[in-house]
Amino acid sequence: MKKTLFGLLLYSSLAFAQKTTKAPSQKVIDNYHGIEVVDEYRNFENLNDTAVLNWIKTQSTFSKKVLNEIKNKNSYLNLVDKIVDSRYNEIRKKPVNVSKQQNLIFKFDTKDSIYKIYYRKNDKEDFKMIFSPKDYKPETKINYYVNYHKLSPNKTYVAISLTQNGQEISDVIIYDLKKGKLLKDIIRNTWVSDIGGINWLKNESGFIYTYLPDTDKNSVGFIKNSEAVFYKLGSKEGEHKVLFSKKNNPNININSNDFCVAFQSGEYFYAKLSGVESLNDYYYAIKDENLNFNWIPFFEKKDKVFDFKNKNNSYIFYKDLNGYSCLFETEIKNPNFKKTNPIVQFPKNEIINNFIISKNDIYISTITNGIVAKLYVYKKALKEIKLPIPSGSVSIYPIEGNKTEFWVSCGSWNKPSIRYKYNFKKRIFIEDNYKEPVKISEFDDIVFEELTIKTHDGLDLPLTLIYKKGMVKDGNNRVIMDGYGAYGYNYSPYFSPYSLLWVYQGGILVNTHVRGGGEKGEEWRLGGSKATKSNSWKDFISSAEFLIANGYTNPEKLGVKGGSAGGILIGRAITERPDLFKAAIIDVGILNVLRFELSPNGENNLKEFGSFKIKEEFESLYKMDPFHHIKRGVSYPTTLITSGMNDNRVIYWQPAKFAAKLMEFNSGENPIFYFNDNESGHGENSLKKDYEKLEMTYNFFNWQLGNPEYN
């Protein structure tokens with residue numbers, strides 16, 4: 001971006017302001033397996049260090065002040081209101097169109113800006129509001145919101161999970177739909193939105209959930225030694241029966257950082273050791289009226305089984321077999337999950353997304369390279385079902401009480417998802433959205449391009465570009481490049497109107513599909529994990545180099561962003577190739593991964609990143625650690641680093657340490673910003689907080705990447 005005299009003065013004053021509020025530093029030298037590693041900001045890990053907390057407060061105030069002074073800072077949210085929210089709000093005012101089987105819905109209240117729960121006894125009645133989060137503990141004046149709910153099998157009860165300020169740890173309450181009232185039951189110490197969910201028993205006497213004995217994020221026991229427990233309706237607070245846990249099952253090798261999860265399916269109960277990985281060790285037990293179980297090994301993580309379902313007297317399951325996604329069948333009475341003779345084997349890189357079973361047939365959705373979706377039916381042979389519209393992602397799921405149809409949801413980058421009923425007797429799709437699709441004419445000229453480029457080591461790398469028709473490859477486009485690359489997460493097509501406003505304003509969105517993600521299967525995930533983690537940021541760098549070499553943009557117009565585990569990706573990209581990027585946002589990111597296992601959620605992530613206690617894994621951790629790759633005297637991109645004080649996944653000192661060191665070591669004019677929000681967490685925040693983050697993100701990139709309206 002060409003700098004005016006005013007711009008040069010502004011950048012100089014920002015740099016001066018940061019130098020005068022230098023972070024307090026207490027250097028520590030660690031010895032890992034004979035290698036000395038310097039940590040300039042170890043004091044940031046002391047949660048009670050007032051000097052550090054004051055620096056965080058000062059930097060957050062400073063960053064917010066600067067970002068609030070960006071020219072035309074209200075432009076983005078004005079577009080949100082005019083182009084997006086006004087259309088959604090018009091739809092929200094209309095009656096909800098749902099299937100006859102659907103009696104419980106969430107509906108957004110435009111006045112209170114929260115989702116409320118509505119219910120009807122049958123399809124002849126109108127929906128009535130039965131619960132608003134505003135009614136939960138009103139005396140505390142805390143803003144709660146619903147982050148999870150689960151209907152009981154006969155639709156007598158609904159369990160409602162409520163959280164506050166992005167903490168995710170929640171309270172669960174029970175609403176009696178038949179009697180039209182909340183029960184007195186309160187279940188605490190849960191994280192049902194992400195760990196285990198709520199699994200009602202068929203008789204509706206209660207449910208199984210994962211109990212967390214310690215939910216104090218400042219405690220060394222935070223979310224450790226979890227227990228799969230049964231809660232009986234009407235029990236006193238804190239009363240439950242332990243079904244599966246480290247203490248309860250000493251014969252099973254359960255680690256303190258494993259999440260114990262249990263559920264009922266058919267005549268059997270199942271338990272698994274869950275965590276950040278997509279593969280788990282499973283156990284099963286025969287139904288017992290008193291819920292006293294003798295857990296028997298079912299299958300192991302090394303069997304690479306991703307999912308299983310019952311079909312008559314068989315299990316249908318899918319697993320990875322030598323890099324291919326395969327479907328298998330095995331007997332319920334004598335299951336064999338080590339089978340190597342699949343009933344269906346898909347081509348390389350075509351991955352089973354999910355499947356459902358009708359009486360005689362199996363319906364399977366797949367995705368190739370993370371971006372091309374297909375639907376199949378298997379009876380005695382595999383047959384593709386032509387989708388009603390071209391789709392980048394497809395989800396299929398049953399319709400309760402409906403034996404002739406199931407839901408098919410088709411997604412895309414540039415259009416809202418459309419839901420269909422598929423009638424497998426008539427073999428037809430029937431469009432059946434529960435709400436009228438939002439039509440945003442301003443996005444009609446937005447298109448996407450799916451490319452395949454080469455990685456640094458010669459593999460095919462998918463790359464998604466979203467832009468306006470007529471985009472000119474003159475090397476001068478403003479580009480935001482996004483990425484994640486961890487846990488086997490599949491960056492599949494989804495519709496985000498708030499992101500598409502960037503394209504509407506003339507920019508390009510680029511979604512990368514780097515190794516470490518699941519776009520091309522288990523091999524792709526393992527190709528960006530632990531010892532091979534460097535492939536993640538090298539794939540990201542290859543994507544940036546391709547965009548520049550092919551005239552999409554130039555380094556002065558290229559911004560990058562990522563969050564959470566994607567912090568490693570962005571942090572290492574800008575520390576390895578700072579010359580490629582003008583601006584970066586790292587949102588609640590893991591940025592000192594070498595020390596991450598000592599943070600509240602760290603031990604749970606050892607399976608993904610490794611432990612410094614093991615020499616080989618230490619070497620990988622050090623290599624992937626953005627904090628330890630900041631070099632003094634290097635000019636880094638303008639970077640905005642954020643954290644949330646209530647974040648239970650990535651503790652705030654992880655981003656704060658990185659920000660402090662980057663500010664100190666950066667030699668260039670580009671300013672470094674750090675913002676910590678005392679009222680937010682890792683992502684499950686209030687709508688108000690979501691809008692604040694959207695505004696901050698797109699104002700920052702419009703400013704830094706040279707949109708004249710913002711400069």
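The pLDDT is the predictor's confidence in each residue, from 0 to 100, and in this predicted model the protein chain has a mean pLDDT of 92, with 95% of its residues reaching 70 or more. Over residues 1-6, however, the pLDDT is below 50, and this stretch has ten contacts in the model beyond near neighbours in sequence, where contact means heavy atoms within 4.5 Å. Residues are numbered from 1 along each chain as its sequence is written, and side-chain values use heavy atoms, with hydrogens and water left out. Because the model is predicted, local features need pLDDT of at least 70 and side-chain atom pairs count only at pLDDT 80 or more, whereas totals for chains, interfaces and linings use all residues.

**View 1. The eight-stranded open sheet.** Strands, like helices, are DSSP runs numbered from the N terminus (E, at least two residues, for strands; H or I, at least four, for helices), and two strands pair if DSSP finds at least two bridges between them. Eight strands, in the order β30-β31-β33-β32-β34-β35-β36-β37, form an open sheet with mixed pairing. At its edges lie β30 (446-454) and β37 (672-677), each of which pairs on one side only. From one strand to the next, the twist averages 15°. Within the sheet, β34 (residues 558-563) and β35 (residues 583-587) run parallel and are joined by five bridges, and Gly562 has Ile586 in β35 as its bridge partner. Helix α2 (residues 50-68) packs on the sheet, where it touches β36 (638-644) and β37, and its direction makes about 110° with that of β37.

**View 2. Helix α2 against helix α10.** Axes are lines fitted to C-alpha atoms, for helices over the stretch in contact, and angles run from 0 to 180 degrees between N-to-C directions. The axes of α2 and α10 (residues 653-665) come within 12 Å and cross at roughly 70°, which makes α2 roughly perpendicular to α10 (angles of 65 to 115 degrees count as roughly perpendicular, under 35 as roughly parallel, over 145 as roughly antiparallel and the rest as oblique). From α2, Trp55, Ile56 and Gln59 meet Ala656, Ala659, Ala660 and Met663 of α10. The residues of this contact divide into six nonpolar, one polar and no charged; here Ala, Val, Leu, Ile, Met, Phe, Trp, Tyr, Cys and Pro count as nonpolar, Asp, Glu, Lys and Arg as charged, and the others, Gly among them, as polar.

**View 3. Helix α4 beside helix α11.** The axes of α4 (residues 497-504) and α11 (residues 687-704) come within 11 Å and cross at roughly 20°, and the two helices are therefore roughly parallel to each other. On the α4 side the contact is made by Tyr498, Ser499 and Trp502, and on the α11 side by Tyr691, Leu694, Tyr698, Phe701 and Asn702. Six of the residues in this contact are nonpolar, two are polar and none is charged.

**View 4. The hairpin of β19 and β20.** Strands β19 (residues 314-321) and β20 (residues 324-331) run antiparallel and are joined by eight bridges, with Asp320 standing opposite Ser325 in β20. The two strands form a hairpin with two residues between them, and Asn322 in the turn has a positive phi of about 55°. Two bridges also join β20 to β21 (residues 344-345), an antiparallel pair in which Leu327 stands opposite Val344 of β21.
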